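Please open the model in your viewer and keep the sequence at hand. The stops below are given in the order in which they may be selected.

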Amino acid sequence: RGKMPWGQLAAERALIVSPDPMKQADIADAAMISQQAVSNALKTLDDFVVRMSQGWTDKETRRLVDRWMETYPGPGGASTFWYSLDSPGEQAKAAVQLGQDLDSSPLVSGDAPADLIAPWRLPITTRLYVREMVDFTEAGFTPAEPRDATLIVTVPDDPTLWKTAELGKQTDIPLADPLIVLWDVLRSSGPDADEAAARLREAIEAKSESKGKH
């Protein structure tokens, strides 16, 4: 009920996925909220975050990931479903190229980026977040029923996906941040989705723990 706290949830995500501790102004930028709102958010996260000389970071990554996973409702939004015989990697490239050509700022999530972060299984589907819906027939896709889709395209309700994506390592294909990827992998098809998600989560937590939190 009430307004969805996208900013608070993005602040938590930023503190986890940022490669370095973050100044309050940087958290505000990543979460698209005011510094006062960040201050309030940090107070509610008192047991989960710590202030270091370089800025704020998560105190125990696993606990904050647990909190975020329990409270995040998913990006939401409207989706369209598409099918292609190409490999998931080729589908991602084709969809991203068209999305960029049409200025819809595509972000790849789900199986494909998970395979890049913590390889475990071959990607099955490609998930794409865009700012505006695109007709992907121009990229060789055909409309499909959700159960048959190899490409799922969503215009999310969560407006923060693009800002937190900027905190990650830049690649040839624009990726959603690792926690959004994890959320999507946990909801993807395939009997080994849980195992793939566990490997991805281990990689997220190991990277976060390397920020020197002592």
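Over the ring of which residue does the charged end of arginine 131 sit? Select tryptophan 162: the charged end of arginine 131 lies 4.2 Å from the centre of its ring. A charge counts as sitting over a ring if NZ of Lys or CZ of Arg is within 6 Å of the ring centre and within 35 degrees of the ring normal.

This is a predicted model, in which local features need pLDDT of at least 70 and side-chain atom pairs count only at pLDDT 80 or more, while totals for chains, interfaces and linings use all residues. Residues are numbered from 1 along each chain as its sequence is written, and side-chain values use heavy atoms, with hydrogens and water left out.

**Aromatic pairs**

Because tryptophan 6 belongs to helix 1 (residues 6-17) and tyrosine 72 to the loop between helix 4 (61-71) and strand 3 (78-83), the pair ties together parts 66 residues apart in sequence. Helices (H or I, at least four residues) and strands (E, at least two) are DSSP runs, numbered from the N terminus.

Tryptophan 6 is buried at 15% relative accessible area, and tyrosine 72 is buried at 4%. Buried means under 20% relative accessible area, exposed over 50%, and partly exposed in between (1.4 Å probe, protein chains only).

At tryptophan 183, the charged end of arginine 187 sits over the ring, 3.6 Å from its centre.

**Salt bridges**

The whole structure contains 12 salt bridges, each a side-chain nitrogen of Lys or Arg within 4 Å of a carboxyl oxygen of Asp or Glu. Select arginine 67 and glutamate 12, whose side chains meet at 3.2 Å, N to O. Arginine 67 is in helix 4 and glutamate 12 in helix 1, so this pair ties together parts 55 residues apart in sequence. Arginine 67 is partly exposed at 25%, whereas glutamate 12 is buried at 1%.

Finally, select Arg62, Asp66, Arg201 and Glu205, which a network of salt bridges links.
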